[in-house]
Amino acid sequence: QVQLEESGGGLVQAGGSLRLSCAASGRTFSTYAMGWFRRAPGKERERVATINWSGDDTYYADSLKGRFTISRDNAKNTVYLQMTSLKPEDTAVYYCAAGRDERYPAEYWGKGTQVTVSS
């Protein structure tokens, strides 16, 4: 069992940056792949980025490459999402997830954190 709690969301102007954090409980954190997903109003959930258990393999949605960076610190049981050059269309609730599937880790979910980008 893994419990996840996101933090770091908020309101930011277009062009700004935010770093999301996801703190995980449980001794097996380092064995799980982690991911960030988002759901914008009126849209389906979108996979943003994933990272494997060791942190040396990552995936990004094509539209986000170069602006978002996922990383993890297994010693701190934390995964991060650094977001730069934010756009109004990045406005969404961002969710942290964990799982065995390195490309779609979705067994455990956090409650989400709101990111709002103003124009």
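Select Lys65 and Asp62: both are exposed (over 50% relative accessible area, with buried under 20% and partly exposed in between; 1.4 Å probe, protein chains only). The two form a salt bridge, with the closest N and O atoms 3.3 Å apart. A salt bridge here is a side-chain nitrogen of Lys or Arg within 4 Å of a carboxyl oxygen of Asp or Glu. Side chains of opposite charge can pair when their charged atoms come close.

This is a predicted model, where local features need pLDDT of at least 70, side-chain atom pairs count only at pLDDT 80 or more, and totals for chains, interfaces and linings use all residues. Residues are numbered from 1 along each chain as its sequence is written, and side-chain values use heavy atoms, with hydrogens and water left out.

**Next stop: Asp90 and Arg38**

Select Asp90 together with Arg38. They form a salt bridge, and the closest N and O atoms are 2.9 Å apart. Asp90 lies in the loop between β8 (78–83) and β9 (92–99), while Arg38 is in strand β4 (residues 33–39), so the pair ties together parts that are 52 residues apart in sequence. Strands are DSSP runs (E, at least two residues), numbered from the N terminus. Asp90 is buried, at a relative accessible area of 1%. Arg38 is buried as well, at 8%.

With Arg38 and Asp90, they are linked in a network of salt bridges.

**Next stop: Asp57 and Arg103**

Move to Asp57 and show Arg103. This salt bridge has its closest N and O atoms 3.2 Å apart. Asp57 sits in the loop between β5 (46–51) and β6 (58–60), and Arg103 in the loop between β9 and β10 (108–109), so the pair ties together parts that are 46 residues apart in sequence. Asp57 is partly exposed, with a relative accessible area of 26%. Arg103 is partly exposed too, at 33%. The count by this rule comes to five salt bridges.

**Last stop: the sheet**

Switch to cartoon. Select β1, β3, β8 and β7. These four strands form an open sheet in the order β1-β3-β8-β7, with antiparallel pairing. Two strands pair if DSSP finds at least two bridges between them. β1 (3–7) and β7 (68–73) stand at the edges, each with a single partner strand, so one side of each is left without a neighbour in the sheet.

Zoom in on β7 and β8. They pair in the antiparallel sense over six bridges. Finish on Thr69, which stands opposite Gln82 in β8.
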